[in-house]
Amino acid sequence: MSTSPKYLNRSNALLSALDLKAPIIGAPLGGASEYELAAALSRCGCFGFIGTGGPSYTTQSWIEEQIELATSHGDIRRIGVGIGVSRLAKEDKLLQSIIAAKLAAVWLSFGDPSPYTMPLQNAGKLVFSQVNNLAEAELAIAAGVDVIVAQGLEAGGHTGDTSTVFSLVPMIRDCIDSLESPELPFLAAAGSIVDGRTMLAALTLGADAVVLGTRLALSPESVYKQRYQQAVLSTSDAGKGTMLSEYADRLRGKSHSHKGRCLTNELFNPNKLSGLTPEEISKSTETCLRAIENEEASKEVIWSGQGASTITEILPVATIIERTLTEVEQLKQSLS
């Protein structure tokens, strides 16, 4: 893999600021992106994030251990941790631990990054802020974050429900470009970016970098459960084969500020979940929790973006990155 891809302007400030060889960032996928995946991405010259959402085992001590493992197995210049701002608001000791940790960046999601941006930056960390609409992007700009992650509704897991990548990225790009400031944030696109085609499209829309999520969850370095990986690979039409709903959390006995996109299956089906009575919700919750315990993928929540149907195999991280960059270069040449 070339350290100076031809499709990039060699003066690209993002590559220099983030010390990257390619404008690719791994999403902090809870239950999928742990130290092995983050470290592997960093070794490829990309940015890798440890996911802390979802599983109950992601305690402060677990996060500290993951950071230590990732930085010892990877390139510390390109490793970060992702965390929801609501958790930081409740766990000051965790915030102080992350501030003190030897890592390059913190990805903040699902809330106002303002209270945490300066403390993290003063500790030498880049601040990424995930947004789902223009108003949230403007809030992140005002907070002075380093990277805005524009997440479209196509994304797997928890996301917004109003804007696609195709509408969100240009809006935020225009907003950033209209400002007169020497310190404006970089813009990364997230949501069903799985290969060179989708990466080039996102860069053309105005993104400085792209975020890979579901594509990286289907790698041997990911800890995404094998039955979940196989279910995603079996999806022939992820447009109809996924659903964005609050039930992805409700039926697991959880709550979240954002809806979640998961695969449709025997339990998670828009037709079956429409208009449920409280008694039916309770029964479905029991079914879901029992399926998790019995490892029945056909009735579990399996996070996946809409781009899943174009993923055909599990590949090592290095191969994913190399193929994606090669595809972008080939497309650039064919279009010139």
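# Questions on a Predicted Model

Visitor: Does T117 count as buried or exposed?
Guide: The relative accessibility of T117 is 1%. Buried means under 20% relative accessible area, exposed means over 50%, and partly exposed lies in between (1.4 Å probe, protein chains only). Therefore T117 counts as buried.

Visitor: What kind of model is this?
Guide: Residues are numbered from 1 along each chain as its sequence is written, and side-chain values use heavy atoms, with hydrogens and water left out. Local features need pLDDT of at least 70, side-chain atom pairs count only at pLDDT 80 or more, and totals for chains, interfaces and linings use all residues; the model is predicted.

Visitor: What is the mean pLDDT of the protein?
Guide: The predictor's confidence in each residue, from 0 to 100, is called pLDDT. A value of 70 or more is reached by 96% of the residues. The mean for the protein is 91.

Visitor: In which helix does T117 lie?
Guide: Helices (H or I, at least four residues) and strands (E, at least two) are DSSP runs, numbered from the N terminus. Apart from its neighbours within four places in sequence, T117 is in contact with V127, A143, G144 and V145. The helix that holds T117, residues 114–122, is α6.

Visitor: Which residue has its backbone oxygen 2.7 Å from a polar atom of the side chain of T324?
Guide: T324 belongs to helix α16, residues 317–335, and its relative accessible area of 4% makes it buried. Residues up to four places away in sequence aside, T324 touches I24, D195, G196 and M199. The backbone oxygen in question belongs to I320.

Visitor: Which strands stand at the edges of the eight-stranded sheet?
Guide: This open sheet has parallel pairing and the order β1-β9-β8-β6-β5-β4-β3-β2; two strands pair if DSSP finds at least two bridges between them. Each edge strand has a single partner, so one side of each is left without a neighbour in the sheet. From one strand to the next, the twist averages 30 degrees. The edge strands are β1 (24–26) and β2 (48–51).

Visitor: Which residue of β5 is the bridge partner of A105?
Guide: Strands β4 (105–109) and β5 (126–131) pair in the parallel sense over four bridges. In β5, the partner of A105 is L126.

Visitor: What angle does the direction of α9 make with that of β9?
Guide: Helix α3 (60–73) lies across β2 and β3 (79–84), at about 155 degrees to β2. Helix α9 packs on the sheet too, touching β1, β8 (186–190) and β9 (209–212). Axes are lines fitted to C-alpha atoms, for helices over the stretch in contact, and angles run from 0 to 180 degrees between N-to-C directions. The angle between α9 and β9 is about 140 degrees.

Visitor: Which residues of α9 make the contact with α8?
Guide: The axes of α8 (165–177) and α9 (196–205) come within 9 Å and cross at roughly 35 degrees. On the α8 side, the contact is made by V165, F166, V169, P170 and R173. From α9 come A201, A202 and L205.

Visitor: Which residue of β11 stands opposite L244?
Guide: A three-stranded open sheet has the order β7-β11-β10 with antiparallel pairing, and its edge strands, β7 (157–159) and β10 (242–245), each pair on one side only. Four bridges join β10 to β11 (259–263). Opposite L244 stands R261.

Visitor: What is the phi of F110?
Guide: F110 lies in the loop between β4 and α6 and is partly exposed, at 23% relative accessible area. Another residue with a positive phi that is not a glycine is D19, at about 55 degrees, in the loop between α1 (13–18) and β1. The phi of F110 is near 60 degrees.

Methods: Contact = heavy atoms within 4.5 Å. Polar contact = N/O pair within 3.5 Å; in protein donor to acceptor, adjacent residues only side chain to side chain.
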